Amino acid sequence: MANSVLVLGTQWGDEGKGKFVDVLTQQASLVVRFQGGHNAGHTLVIGDEQTVLHLVPSGVLRENVMCVIGNGVVVSPDALFSEMDMLHERGVPVEERLRISGACPLILPYHIALDQAREKAAGEHAIGTTGRGIGPAYEDKVARRAIRVQDLLTLQRFDEKVDLACAYHNATLIGHGMHAVDAGAIKHAAREQARRLAPLIADIPGMIDAHRRAGNRIMFEGAQGTLLDVDHGTYPFVTSSNTVAGAACSGSGCGPGTIDYVLGITKAYTTRVGAGPFPTELFDDVGAVLGERGNEFGATTGRQRRCGWFDAVAVRRASMLNGVTGLCLTKLDVMDTLDTLKICTAYELDGQRIDHPPIGADDYERCVPIYESMPGWQSKTEGATQLSGLPKAAQDYIARLQELTEVPVHLVSTGRERNENVIIEWPYGDLPGQERAP
Ligand code: GDP
């Protein structure tokens, strides 16, 4: 039996990955984060309790599941510890369940200061980053000046690296009219960080390989979305890491053959946080209804998300980039009250019809969506678990999205609860917590 599943977002993030990551971790023995930092946010709802995780993989709430943070993730020790403390308060033995790669670049105070200074200096051209130092930490990684988790194990060498890094970055900070960062404070904090992190450092590629050889299920947990990928997204309005499926391998240390199934989580409409192109954005009442019914506020920043119609051009491209095996359509129920639905089937760019997204934000900004309309179902799909139980118009909408994106829709999510799903096709037996419809 094929085993390992990669869950990722096919839009601009916030597709509702958290719920499926959570459901699927129940069948996994290892859960792997491979990119991003604490700019990601997954909302897990179990019973009445809501837990928002930014850095720790979602499987941490489960017994018998190991969670690992792969080398592709940039790690803020402060953010990690506050999440670990929150989990402790809830009685989760997080130290037993979490391991981290020594190769993860650390996010240090100068990264945060630089991130904020740059966004401020960019004025109206700001990217809309979360200001948490993630971009600058990735820059240091490719510039080969990152200080990594492993460096905390040799503090004398760590201190030397901090001095060099502060000398380098403080010049920029002062140039931006900001205060220099205090190297002494970073070194001081590192003593406690080393004490807490050292026992968590492990050989992550070795762990993945061992689970794979044992035939256990590994679950790779993507963060953000495909259109925010630093290479393939709406550059420069993107995140600083690769979010596409291939990054699961490089960001954790395994070969492509380790992944058996790529689940593309796709909202039944589209949202985007922050600046950047968004051809199907709505500025009218319909946008407001989607935002309100969909509770479209960021899990990490609380920022209101921009809302719009389903963009089949974008999702078709995302499915191609990721080799998506099956789509999971989420938040169908949010559209229950709309009388007419529009789907973007192509763009018009400078008078030409195009069926694929242009490269880069400048051209993307000028794309005008070409829509087709479908009748809404105007009845309740919330909580539905059977395809035949969905209104005909909803079934038609799903079928049309499947045609336009050229990927099968395997799952449909109809509510926040983990059992509120329609399983159309799922190769691995029932989803945990849910009987398959007869
Ligand atoms: P993620 O980052 O992709 O996991 O997305 P979020 O953490 O922002 O989660 C999306 C939110 O939508 C959470 O509050 C979920 O409980 C909720 N949600 C997920 N799927 C559905 C659904 O099918 N219907 C509704 N109404 N809410 C959903």
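Q: In β13, which residue is the bridge partner of Ile-265?
A: In this predicted model, strands β9 and β13 pair in the parallel sense over 5 bridges. Within that pairing, Ile-265 finds its bridge partner in β13, and that partner is Cys-328.

Q: In β9, what is the bridge partner of Gly-9?
A: Now we can look at another neighbour of β9. Strand β1 (residues 5–9) pairs with β9 in the parallel sense, over 5 bridges. Gly-9 has its bridge partner in β9, namely Ile-265.

Q: How many residues of strand β9 are buried?
A: Buried here stands for under 20% relative accessible area. Strand β9 (residues 261–267) is largely enclosed by the rest of the structure, because the buried residues number 7 of the 7.

Q: Which residues of β9 point the other way from Tyr-261, Leu-263, Ile-265 and Lys-267?
A: In a regular strand, side chains alternate between the two faces of the sheet. In β9, Tyr-261, Leu-263, Ile-265 and Lys-267 point one way, and all the residues on both sides are buried. Pointing the other way are Val-262, Gly-264 and Thr-266.

Q: Which strands stand at the edges of the sheet?
A: The open sheet is formed by 10 strands with mixed pairing, in the order β7-β6-β5-β2-β8-β1-β9-β13-β17-β18. A strand with a single partner has one side left without a neighbour in the sheet, so the edges are β7 (201–202) and β18 (421–423).

Q: How far apart are the end C-alpha atoms of helix α2?
A: Helix α2 (residues 77–89) has 13 residues, and at 1.5 Å a residue these should span 18 Å. The model agrees with that expectation, since the end C-alpha atoms are separated by 18 Å.

Q: Which elements do the buried residues of α2 pack against?
A: The buried residues of α2 are Pro-77, Ala-79, Leu-80, Phe-81, Glu-83, Met-84 and Leu-87. After the helix comes Gly-91, with a positive phi near 85 degrees. The elements that the buried residues pack against are β4 (49–53), β5 (66–69), α3 (94–97), β6 (98–101) and α7 (183–197).

Q: What is the N to O distance in the salt bridge of Arg-157 and Glu-160?
A: Side chains of opposite charge can pair when their charged atoms come close. Arg-157 and Glu-160 both sit in helix α6 (residues 155–175), 3 residues apart, about one turn of the helix. Arg-157 is partly exposed at 43% relative accessible area, and Glu-160 is partly exposed at 38%. Their side chains meet in a salt bridge with an N to O distance of 2.8 Å.

Q: Is Arg-353, which meets Asp-355 in a salt bridge, buried or exposed?
A: The side chains of Asp-355 and Arg-353 meet at 3.6 Å, N to O. Asp-355 counts as partly exposed, with 41% relative accessibility. Arg-353 has 52%, and the cut-off is over 50%, so Arg-353 counts as exposed.

Q: Which residues do salt bridges that share partners join into one network?
A: The structure holds 24 salt bridges. One of them links Asp-363 with Arg-366, the closest N and O atoms being 3.1 Å apart. Salt bridges that share partners also build one network, joining Asp-14, Lys-267, Glu-296, Arg-305 and Lys-331.

Q: Which residue has a backbone N or O atom 2.6 Å from an oxygen atom of the ligand?
A: There are 17 residues around the ligand, and those that come nearest are Gly-16, Lys-17, Gly-18, Asp-333 and Ser-413. A polar backbone atom of Lys-331 is 2.9 Å from a ligand oxygen, while for a backbone N or O atom of Gly-415 the distance is 3.2 Å. The residue at 2.6 Å is Gly-18.

Q: What separates the C-alpha atoms of His-176 and Arg-118?
A: His-176 is found in the loop between α6 and α7, where it is partly exposed with a relative accessible area of 35%. Leaving aside neighbours within four places in sequence, His-176 is in contact with Ala-117, Arg-118 and Ala-121. His-176 and Arg-118 are 58 residues apart along the chain, and their C-alpha atoms are separated by 8.0 Å.

Conventions:
Residues numbered from 1 in each chain as written. Predicted model: local features only at pLDDT ≥ 70, side-chain atom pairs only at ≥ 80, totals over all residues. Heavy atoms only, no water. Salt bridge = Lys/Arg side-chain N within 4 Å of Asp/Glu carboxyl O. Helix = DSSP H or I, 4+ residues; strand = E, 2+ residues; numbered from the N terminus. Buried < 20%, exposed > 50% of the residue type's maximum accessible area, 1.4 Å probe, protein only. Pairing = 2+ DSSP bridges. Expected span 1.5 Å × (residues − 1). Contact = heavy atoms within 4.5 Å. Near = heavy atom within 4 Å. Polar contact = N/O pair within 3.5 Å; in protein donor to acceptor, adjacent residues only side chain to side chain.
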